[in-house]
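The sequence and model are shown first.

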Amino acid sequence: MRETPRSQGTAGDSRAEPPQPRPGRALAHTTGASGSGTPHRSDGRPPQTPRGARHTGPAGRLGTTPPVPRRPASLFPALPTLLTLCVALFTLITWQVAANGPLRSLDERLELRIVGHGPQAPADRLADLGSMQIALPVLAVAIGYALRQRRGIDALYAALTMAAVPALVAPLKALIDRQGPLTEAVGFYPSGHTATAMVAYCGAALLVSVRLMPVAILLTVATGIGLLLRGYHWPLDVLASYCLGGALLLISSMGRRRSSSRTPTGCSGPS
């Protein structure tokens with residue numbers, strides 16, 4: 001067995017001297033402040049970054065420096081403001097139409113100037129975009145897509161929003177009892193075709209992809225233009241339905257967001 005080598009001291013010295021550093025080399029750790037016992041790196045930096053000084057990511061995980069950029073703020077806080085605007089404008093238009101106000105007089109003069117202009121066959125096709133036979137199948141396909149993606153809440157809200165259109169439009173038509181531009185028949189306010197088109201096409205875009213929203217808006221506007229050119233509705237009928245459809249879509253979006261926030265992460269499907 002080898003014996004443990006003794007320190008290079010005198011035989012009478014009972015204390016062993018610590019090893020001396022060689023010239024030109026730095027110690028891995030040196031003694032910190034007097035009495036602190038805290039080791040330091042040889043270059044003067046602390047041994048590691050303190051936990052309190054580390055930057056964290058959006059989920060609280062340790063990140064890099066600079067911090068990981070956060071996602072842009074959601075538009076959810078603006079939805080109540082937009083909803084209030086839609087409801088206020090719809091209320092104003094309804095009051096003017098029911099009370100034969102100045103807006104109604106201007107509305108009727110404007111329609112009599114534009115009715116009958118342009119080719120009638122394309123105008124009929126545009127107006128038909130708001131019919132149940134065309135708009136509902138589009139929304140039904142989008143609802144089926146959402147169900148396949150396990151987004152049952154989104155599909156349910158879309159279906160309820162569409163069901164709310166006739167439930168609100170039919171009583172308003174009977175209550176306002178407005179005569180049409182080219183007929184003696186009544187019950188033209190608001191436009192059911194316009195509200196159906198807006199809820200169906202914009203609702204389908206929200207279910208499938210928001211990138212389709214410009215196409216949905218274009219189809220909705222085209223429906224209103226066709227109705228006006230053919231003399232099926234007054235301009236305020238169409239404008240009021242834009243407000244009504246927008247309000248229904250905003251309520252649906254707010255309800256879906258609240259439902260998604262209350263759903264556990266492990267039970268919710270992809271958004």
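## Salt bridges and their network

A salt bridge here is a side-chain nitrogen of Lys or Arg within 4 Å of a carboxyl oxygen of Asp or Glu. The model is predicted. By this criterion, R104, D107, E108, R178 and D237 are linked in a network of salt bridges. A search of the whole structure gives seven salt bridges.

## R178 and helix α2

R178 forms a salt bridge with D107, and the closest N and O atoms are 2.8 Å apart. The two residues come from distant parts of the chain: R178 is in the loop between α5 and α6, while D107 is in helix α2 (residues 102–114), 71 residues apart. R178 has a relative accessible area of 0% and is buried. D107 is at 4% relative accessibility, so D107 also counts as buried, the limit being under 20%.

R178 also forms a salt bridge with E108, where the closest N and O atoms are 3.7 Å apart. Because E108 lies in helix α2 and R178 in the loop between α5 and α6, this pair ties together parts that are 70 residues apart in sequence. E108 has 25% relative accessibility and therefore counts as partly exposed.

## D124 and R230

Another salt bridge joins the side chains of D124 and R230, at 2.7 Å from N to O. This pair also links distant parts of the chain: D124 belongs to helix α3 (residues 120–127) and R230 to the loop between α7 (213–229) and α8, 106 residues apart. R230 counts as partly exposed, with 22% relative accessibility.

## The cavity

How many cavities of 30 Å³ or more does a search of the whole structure find? The search finds one. The largest cavity has a volume of about 60 Å³.

The residues that line the largest cavity are L139, Y157, A158, T161, V199, G203, L206, L249, S252, S253 and R256. Three helices, α5 (152–176), α6 (192–208) and α8 (235–262), each supply at least two residues of this lining. Of the contributors, α8 gives the most, with four residues. By class, the lining of the largest cavity has six nonpolar, four polar and one charged residues.

Methods. Residues are numbered from 1 along each chain as its sequence is written. This is a predicted model: local features need pLDDT of at least 70, side-chain atom pairs count only at pLDDT 80 or more; totals for chains, interfaces and linings use all residues. Side-chain values use heavy atoms; hydrogens and water are left out. On a 1 Å grid over the protein atoms alone, a cavity is a set of points where a 1.4 Å probe fits but cannot get out, and a pocket is an open set with protein on both sides within 12 Å along at least five of seven lines; lining residues have an atom within 4 Å of a point. Grid points are joined across faces, edges and corners, and a volume is the space filled by probe spheres set on the points. Ala, Val, Leu, Ile, Met, Phe, Trp, Tyr, Cys and Pro count as nonpolar, Asp, Glu, Lys and Arg as charged, and the others, Gly among them, as polar. Buried means under 20% relative accessible area, exposed over 50%, partly exposed in between (1.4 Å probe, protein chains only).
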